[in-house]
Amino acid sequence: MFARNTWVYHQALEAVTSTEQYALLRFEKRILDRELIWPGTSGTLTQFGYGALGGIKKHAKKYFDCLMYLQEEVSQGEFLVLSALHSFGVSDHFGMPGWPPRVRAAMDRIRGQDREFVDVFKADYEIDFSELLKRAPVVVRDDLPEVERALLDAPYELGAGALDWFAWNPVLDPHLCLGAAAAHLRPPFRRPGRVAAHMHLGVC
């Protein structure tokens, strides 16, 4: 979900700041394309919006109609201000509060700088974190600065494979090393290889 949201945000920013005619209509067409595989995922709007496609289309068209009306009635500068009003005062990082420190902590864990995480991971999973890291996509092992940048600003650029790896292991989970006093906050982790939806971080 986070990957999709950031992709939509960047597409929207490009559309509203464009001076090209019909930029908003092209954006609308792209967003409502039921066959387009959304970057960073392996799914389409048909799959993500199953059972609510009619409502999604109606809501999107209403929003785009409003934007196009504003674009025709006011100057470009005023249009940019008005289209961004809904985000004033928002500081939740694309709808993911606390995401930057979570990403930084994950990078420390992957670099082997969080010994407590490694120990707790082994106790919970009965496997060394280094073994899980060996199964990570090449970009995760070889280019952490790029991984960190993408996770923070454009996770869809990492692709579905890398995002799946992050979604299905606890490296991004802030509760894993809170200690015994907060053990009740931890999700029901299971060892890799078992079918378990133990992460709810919305990174893919």
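Helices (H or I, at least four residues) and strands (E, at least two) are taken here as DSSP runs, numbered from the N terminus, and by that rule I110 lies in helix α6.

**Entry 1: what I am looking at.** I note that this is a predicted model, in which local features need pLDDT of at least 70 and side-chain atom pairs count only at pLDDT 80 or more, while totals for chains, interfaces and linings use all residues. Residues are numbered from 1 along each chain as its sequence is written, and side-chain values use heavy atoms, with hydrogens and water left out.

**Entry 2: the chain as a whole.** I looked up the secondary structure and found eleven helices and zero strands in the chain, giving the pattern α-α-α-α-α-α-α-α-α-α-α when read along the sequence. I then turned to burial, where buried means under 20% relative accessible area, exposed over 50%, and partly exposed in between (1.4 Å probe, protein chains only). Of the 204 residues in the chain, 38% are buried. The chain exposes about 11,900 Å², of which carbon and sulfur atoms supply 56%; accessible areas come from the Shrake-Rupley method with a 1.4 Å probe, and for residues only the protein chains shown count as cover. For contacts (heavy atoms within 4.5 Å), I noted that among those between residues at least 6 apart in sequence, 63% join residues at least 24 apart.

**Entry 3: the core.** I looked for nonpolar cores, each being a set of buried Ala, Val, Leu, Ile, Met, Phe, Trp, Tyr and Cys residues joined through side-chain atoms within 4.5 Å. The largest has 48 residues, and those with the most contacts inside it are M107, I110, L151, W165, F166 and V171. The elements that give two or more residues to this core are α1, α2 (23-31), α4 (53-73), α6, α7 (115-125), α8 (129-134), α10 and α11.

**Entry 4: I110.** Is I110 buried or exposed? I110 counts as buried, because its relative accessibility is 9%. Leaving aside neighbours within four places in sequence, I110 is in contact with F129, L133, V140, L144, W165, F166 and V171. For one of these, V140, I also looked up the C-alpha separation from I110, which is 8.5 Å across 30 residues along the chain.

**Entry 5: α6 against α10.** Two packed helices are described by the angle between their axes and the distance between the axes. I take axes as lines fitted to C-alpha atoms, for helices over the stretch in contact, with angles running from 0 to 180 degrees between N-to-C directions. α6 and α10 pack at an angle of about 160 degrees, with their axes 10 Å apart. That makes α6 roughly antiparallel to α10, since angles under 35 degrees count as roughly parallel, over 145 as roughly antiparallel, 65 to 115 as roughly perpendicular and the rest as oblique. The contact is made by W99, P100, V103, R104, M107 and I110 of α6 and L144, V147, E148, L151 and L152 of α10. α6 passes α10 in a right-handed crossing; a crossing is left-handed if the near helix is turned anticlockwise from the far one by less than a right angle, and right-handed if clockwise.

**Entry 6: cover over α10.** In α10 (residues 144-153), I find L144, V147, A150, L151 and L152 buried. What covers the buried residues of α10 includes α1 (2-17), α6 (99-110), α9 (138-142) and α11 (159-167).

**Entry 7: α2 and its partners.** The axes of α1 and α2 come within 8 Å and cross at roughly 160 degrees, so that α1 and α2 are roughly antiparallel to each other, and their crossing is right-handed. W7, V8, Q11, A12, A15 and V16 in α1 meet A23, L24, F27, R30 and I31 in α2. Neighbours within four places in sequence aside, A15 is in contact with A23, L24 and F27. α2 and α4 pack at an angle of about 170 degrees, with their axes 10 Å apart, which makes α2 roughly antiparallel to α4. On the α2 side this contact is made by L24, L25, F27 and E28, and on the α4 side by K61, F64, L67, M68 and Q71.

**Entry 8: a backbone check.** Most residues other than glycine have a negative phi. Phi of E126, however, is near 60 degrees, a positive value in a residue other than glycine. E126 is found in the loop between α7 and α8 and, at 56% relative accessibility, counts as exposed.
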